[in-house]
Amino acid sequence: MPDLAVAVSGLSKEYRLGAHGPQYGRLTETITDAFRRRGRRRSRSVEHFLALDDVDLEISEGEVVGIVGRNGAGKTTLLKVLSRVTEPTKGTVDLYGRVSALLEVGTGFHPELTGRENIALNGAILGMSRAEVARKFDEIVEFAEVERFIDTPVKRYSSGMYVRLAFSVAASLEPEVLIIDEVLAVGDARFQKKCLGRMTEVAREGRTVLFVSHNTGAVAELCTRAVLLEQGRKISEGPVGDVLMDYARLAEPDGHEVELDPDPDLPVAVTAVSVRDGAGRPTTMFDLTDEVEIGITYHVRRPTHGFQIALGLARNVIDVLHTFDTDDEEEADARAPGLYEARCRFPASFLKAGLWSATLSTGTPSEGFQSLESIVRFEVEDRTVNTQDKGYRRDRPGHVISPGRWTTERLER
Amino acid sequence: MTADATLQRDEVSGDSGGGHRSHPRHVRIQPTRGWVSLRLGDLWEYRELLFFLAWRDVKVRYKQTALGAVWAVLQPLALMAVFALILGHFLKVPSDGVPYPVFAYTALLPWTFFAQSLGAASTSLVTNANLVSKVYFPRLVLPISATLGFLIDLGIGLVLLVGMMALYSVQPTWAVVLLPALIVLALLTVLAAAVWLSAISARYRDVIYGMPLLIQLWLFASPIAYSSSVVPGAWKWLYAVNPMVGVIDGFRWALLGTSAPGPEIIVSVAVTIIGLLTGMAYFRRTERTFADVI
């Protein structure tokens, strides 16, 4: 078994929520409190809030582990404890190896200083020595693509240049254990791709990485193992696919039919969304041999032109495909007032086993769109009679299974 | 690399940490209780960060100003001009036989250093709150680095003093060799007050609002516009509880050849050292919650 890089045991972090917010009191109150008797002091209503509740976690050397969870689940608190920004209330953390923690990029950047000066300063803040910064300087500047502006104060940078430089300094760190918090999503789409590439490199170099993110796509891509936090507790841990599925269950509403109470001012309003099987029966569990039907009921209040429905399907919180009700038409129909239902069907065999959710966007280009995120969800399971033949489906990479048309012929004897 | 800087060696290697307890870079994070050691070794490991932050403060201080480094001497010079006219010329405040402008300016140099760096250092945790809540480093780095940068201003002020002494033909004595020690004493005095105030300011912003008042009161409680020889004998010991008394008397003695500070300077030095040690202990005790309350 490989050596441990991080061992977290029984870790708890408590915050005091008083009338004045976390651990914050006015000086006069602290002084008057000090003169009161103990019993009375206790009676003050101080609520305690466990941001982390008895968390255990072991990470071996070279592992890339993702921490996922909803907002307020304790992800950031865990990072702050691991990076020693704040102390735990209970429990221990053992770190083996050189650790760098990145809770954000560009910490300590000063707008009045030039790019060159900020690299030196930020490097020192991240724990790099002067010699190391000097050695990596060219690499940093090149990665950030700011060569021409390196002696310009960063307050004159565009926000894109600023974050590129900030990320590049961080990316030049070479710790044995890297702890990062959502720093991937910086810059424009092209630079984000470059960042992700750099992170993948870091992961492949055999470093231990602990990655906290809302970006489940990035977690799925980078991590081998994941941990799911909910209300400060670890509620799931294991292969990244399984944990993301648990996360999807948490993150998304349950139910095969959702009734909506739309804004009466909208010219077109979705009133209900439902999930049914091929025979039209409401359900949320599908077998690979089934068909999935998503029904969208909507009310057209005023005559509209160019009305469109976009349906997005996501598997384990990762966007997989988008389809439009106007896909087969050159121009969207004009719709007279009335109640409509649109149905969209997919063969479930096309969808890989997992937790699926549908996002709707409806409206017209002129009047704007109404977006309904993860409005319904359903699960596709590979539990057919042919399970043995189709069992490979769960393990195959990718999010959809396209029944590609294969033919094989012998060309030469 | 980061290495040595990012992490300090573990204080409890060889404990029951499981796994491989002999790992060369094992760090254990656990709640600390009660009083903790000052861990000055941590500060030494983070010396580069300390100097970089001081360098940043110096670089940034007079950016986008028309007068630039002139500001470093403008404050003591302006105060000197007012003091010299009203106190020296109109009121004829005695100045130990030294021309009053030089007499006042020599005191205003360490005083300006004290007042400016104390103001910056006491609020350093709040002004660098983003660092405190995002990166680990010994928090003492912040008040210390905020102070160090003002040594440069003090240096510029001293150069000007040399010119003034030549102008008024005032000769320094052999005691001028003790000037570095006096500057260190001034530095330690600032730090003693700053570690206390900055630790308190993380939780109570009252410190920030009280600072101008404190500095004003302190100005009149220090022998700047007047000579400490006006303080009657019996009061001298109490007077010296203000550690700036020792520093300023020392500056005048070393540079202008006024009478050497009496035995009361021991009180000034003792107050500084006790204030610094207790302040650092208090700082270390409260720094674990800085990121949570700031």
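A crossing of two helices is left-handed if the near helix is turned anticlockwise from the far one by less than a right angle, and right-handed if clockwise. With that in hand, α3(B) passes α8(B) in a right-handed crossing.

## Ground rules

What you have here is a predicted model, where local features need pLDDT of at least 70, side-chain atom pairs count only at pLDDT 80 or more, and totals for chains, interfaces and linings use all residues. Residues are numbered from 1 along each chain as its sequence is written, with chains lettered from A and ligands numbered from 1 in the order in which they are written.

## The two chains

Chain A comes with 11 helices and 19 strands, while chain B has 15 helices and 1 strand. Both kinds of element are DSSP runs numbered from the N terminus: helices are H or I with at least four residues, strands E with at least two. Chain A has 413 residues, and 39% of them count as buried; for the 294 residues of chain B the figure is 45%. Buried here means 20 or more other C-beta atoms within 10 Å of the residue's own, exposed means 12 or fewer, and partly exposed is in between, with C-beta atoms placed from the backbone.

The C-alpha trace of chain B spans about 75 × 50 × 40 Å along its principal axes. Two residues are in contact if their C-beta atoms, placed from the backbone, lie within 7 Å. In chain B, 78% of the contacts with a separation of 6 or more join residues 24 or more positions apart. For chain A, take the contacts between residues at least 6 apart in sequence: 70% of those join residues at least 24 apart.

The predictor gives the complex an ipTM of 0.82 and a pTM of 0.74. On a per-residue basis, pLDDT is the predictor's confidence in each residue, from 0 to 100. Chain B averages 87, with 93% of its residues reaching 70 or more.

## Where A meets B

Across the interface, 48 residues of chain A are in contact with 40 residues of chain B. On the chain A side, β1 (4-18), α3, β5, β6 (99-102), α4 (115-125) and α5 (130-144) each supply at least two residues. The largest share of that side, 6 residues, comes from β5(A). By class, the side of chain A that touches chain B has 24 nonpolar, 12 polar and 12 charged residues. The classes work like this: Ala, Val, Leu, Ile, Met, Phe, Trp, Tyr, Cys and Pro count as nonpolar, Asp, Glu, Lys and Arg as charged, and the others, Gly among them, as polar.

## Two helix pairs in chain B

The axes of α3 (residues 47-61) and α8 of chain B come within 8 Å and cross at roughly 45°, which makes α3(B) oblique to α8(B). Axes are lines fitted to C-alpha atoms, for helices over the stretch in contact, and angles run from 0 to 180 degrees between N-to-C directions. Under 35 degrees is roughly parallel, over 145 roughly antiparallel, 65 to 115 roughly perpendicular and the rest oblique. From α3(B), Leu49(B), Leu50(B), Leu53(B), Ala54(B) and Asp57(B) meet Val141(B), Ile144(B), Ser145(B), Ala146(B) and Leu148(B) in α8(B). That contact has 8 nonpolar, 1 polar and 1 charged residues.

The second pair is α13 (residues 243-256) and α14 (residues 265-286) of chain B, whose axes come within 7 Å and cross at roughly 125°. These two are therefore oblique to each other, and α13(B) passes α14(B) in a left-handed crossing. Here Pro243(B), Val245(B) and Gly246(B) in α13(B) meet Ile265(B), Ser268(B), Val269(B), Val271(B) and Thr272(B) in α14(B). The contact of α13(B) with α14(B) divides into 5 nonpolar, 3 polar and no charged residues.

Asp54(A) lies in strand β3 (residues 47-60) of chain A and has a positive phi of about 55° although it is not a glycine. Asp54(A) is partly exposed, with 14 other C-beta atoms within 10 Å. Arg84(A), also not a glycine, has a positive phi near 65°. Arg84(A) sits in the loop between α3 (75-82) and β5 (90-96) of chain A and is buried, with 22 other C-beta atoms within 10 Å.
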